[in-house]
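Have a look at it first, and then read on.

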Amino acid sequence: MKVGKRLKSTVCSTNVVVVRAADVTLSCGGAPVVEELAGEPSGELATGLDGGTQLGKRYVHEPSGLEVMCVQAGTGSLSVDGVVLEVKAAKSLPASD
Amino acid sequence: MSIIMLLTMAVELDGDRVAVTAGEEHLTYRDLLERSRALGAELSEQGAENVALLDLNTAAFPIALFGAAAAGVPLAPLNYRLADDRLSEAVARLSPVALFQGPGVSNQVAVGPADTLLPTGALLAAATAGPATADQGAVDDMADPESPAVLLFTSGTTGTPKIAVLRHRHLFSYVTSTVEFGHAGPEEAIMVSVPNYHIAGISSVLGSVFAGRRIVQLPSFSPEAWVETAARERITHAMVVPTMLGRILDVLEERGEKLPALRHLSYGGGRMPVPVVERAVGDLPHVDFVNAYGLTETSSTVTILGPEDHREAMASLDPAVRARLGSVGRPVPSIELEVRDHDGRVLGAGEVGEVFVRGEQVAGEYTSHKAVADDGWYATRDQGHLDADGFLFLRGRADDIIVRGGENISPEEVEDVLASHPAVAAAAVVGVPDLEWGERVEAVIVLEPGAADPSAELTAWVRERLRSTRVPSAVHVRPQLPFNETGKLLRRVVREELAKGGTSS
């Protein structure tokens, strides 16, 4: 896992980009995400990991410091060790340029 | 991680929304992505290592910016106000380069055998030919985050200009940490009037794409065109540099135009006189004002004085709070900021030193060398201090500080006092080589229209208000002061002129 990498869900259309890397396994819809996906996503979302991802939101895993940004939304939830990642509150800054 | 990802996300959100308006032309986010990818494909085939653009603010700029990124090469927007020989030198440093020149600029630039020079018309035509789809865009919007996205020539009035390097990760971090994705309403439109070879012209385009805010390109700035475009396009957001704002207010007052759609005006890129800010707030009471401080080397903004800060300062009777109208605000959350002395000691509130910043958006890098320390801190060369609440006040460039008999004197401090005299419209203060003191303080002033020369009484005027070491030993009257086109006072030019001597006062 490297900062700047695009990671893809194997079970839904979710794509994230790594903002802060950590040595953990990130899953989406219960299945580990991959860098290269051959063909279309397939398979079932795991129960409880089907809350979906929102385009443009940041997701964090507090214990490891992992932070990713959703660059394509999907129906699966992001998780590490079965724990669903939380949406990081957006900092609303006034436009400066 | 690439700046194109900002665009593919905007397409994902709503590809049919208008992204860019340039004159009669409108591009949706999907159009912009398709054209950028088509240009990228053509540039890759061509094998240029850099793309350069010499153009007013037109639709070509965002296409060239994202198109270069699609080809994995950086875009270098060039300053069309430079003399032709200097532009030719700049182009030579980018070779092999694909240079695109817009119809609105008349420069005659020489290119080498490995380079191409094409009109932006060719860029736009090439970019419409491609059969690319947004779906394809989503899968190849990656670039090496380490690869350069933008090259910007510094203005350096003496010596060879440096070329600042901004990598994809710097710009991506800057935009995604300061802008909330897709939060702009469908009615929002930002006018970009800062030239595209200025960092704010670039970050404005990137940030607006990510926000989903329509970009209206103002080809080149005049206060009349700015006001007319703002009214016609129902502009809600705009960013201006100091020299623009006063002239815009003149036109607004003259025409009785209130710009009811305008709600957000940010300013930066140089020191804004407090009276101009006060006048702007008075003329446009429905508008939120934002003062931003940033540098090319930091991917733009590092501190912000927000709308609420402006309102508090305007309403306050506490001089310390009121003074914040002259501050550049507090660091954005993704930036660490320190003020340090010569020995690197971190200074406390009220102590003047050099401003240092650290954060993922900080590039601090040139093609010639890296200027960021190993621990990530970047020395801005700007002098300033923080107040007790963490608001930053700038006191000019470290290079402009006058050292008189071992004492450091900030030119702004003296300039502010001179400019507060009713007969003085503007002032520049510099150090002139002096056998006794090392440097002595001298001033150049511009008179208010019709005012009598107040030079004789200015010494007493300054002495009453500042320490005697600050009193200029000579005051020269000039018809105008040298500013660069983005409103920065060129003290270096004043200093060189006065150091040569033989100047009349």
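B:Ser300 is buried, with a relative accessible area of 6%; buried means under 20% relative accessible area, exposed over 50%, and partly exposed in between (1.4 Å probe, protein chains only). You'll find B:Ser300 in strand β14 of chain B, and its phi is positive, about 95 degrees, although it is not a glycine. B:Ser299 is not a glycine either, yet has a positive phi of about 60 degrees. B:Ser299 belongs to the loop between β13 and β14 of chain B and is buried too, with a relative accessible area of 0%. For background, most residues other than glycine have a negative phi, and most peptide bonds are trans.

A word on the ground rules: this is a predicted model, where local features need pLDDT of at least 70 and side-chain atom pairs count only at pLDDT 80 or more, while totals for chains, interfaces and linings use all residues. Residues are numbered from 1 along each chain as its sequence is written, chains are lettered from A and ligands numbered from 1 in the order in which they are written, and side-chain values use heavy atoms, with hydrogens and water left out. Helices (H or I, at least four residues) and strands (E, at least two) are DSSP runs, numbered from the N terminus.

## A cis peptide bond

Which two residues does a cis peptide bond join? They are B:Ser95 and B:Pro96, with omega at about -5 degrees. B:Pro96 sits in the loop between α4 and β5 (97–101) of chain B.

## The nine-stranded sheet

Chain B has an open sheet of nine strands with mixed pairing, in the order β2-β1-β10-β9-β11-β12-β13-β14-β15. Two strands pair if DSSP finds at least two bridges between them. At the edges are β2 (25–28) and β15 (330–331) of chain B, each pairing on one side only. Within the sheet, β11 (residues 237–240) and β12 (residues 264–268) of chain B run parallel and are joined by four bridges. There, B:His237 stands opposite B:His264 in β12(B).

Helix α10 (residues 242–255) of chain B packs on the sheet, touching β11 and β12 of chain B, and its direction makes about 120 degrees with that of β11(B). Helix α12 (residues 307–315) of chain B packs on the sheet as well: it touches β12, β13 (288–295), β14 (300–305) and β15 of chain B, with its direction at about 115 degrees to that of β13(B). Contact here means heavy atoms within 4.5 Å. Axes are lines fitted to C-alpha atoms, for helices over the stretch in contact, and angles run from 0 to 180 degrees between N-to-C directions.

## A covered strand and its neighbours

How many of the residues of β5(B) are buried? Five of its five are. B:Val97, B:Leu99 and B:Gln101 are buried on one side, and B:Ala98 and B:Phe100 on the other.

Strand β3 (residues 50–54) of chain B runs parallel to β5(B), and five bridges join the two. β5(B) also pairs in the parallel sense with β6 (residues 116–119) of chain B, over four bridges.

## Aromatic pairs

Rings of Phe, Tyr and Trp (its six-membered ring) pair if their centres lie within 6.5 Å; planes under 30 degrees apart count as stacked, over 60 as edge-to-face and the rest as tilted. By this rule there are two aromatic pairs over all chains. B:Tyr80 and B:Tyr197 are edge-to-face, 5.7 Å centre to centre with 80 degrees between the planes. These two tyrosines are 117 residues apart.

B:Phe181 and B:Phe210 make a tilted pair, 5.0 Å centre to centre with 55 degrees between the planes. B:Phe181 lies in the loop between α7 (168–178) and β9 of chain B, and B:Phe210 in helix α8 of chain B, 29 residues apart. Both phenylalanines, B:Phe181 and B:Phe210, are buried.

## One face of a helix

Helix α16 (residues 491–500) of chain B has B:Arg491, B:Val494, B:Arg495 and B:Leu498 as its buried residues. Seen down the axis of α16(B), they fall within an arc of 100 degrees, so they line one face of the helix; the arc is that of the directions from the helix axis to the C-beta atoms. After α16(B) comes B:Gly501, whose phi is positive, near 75 degrees.
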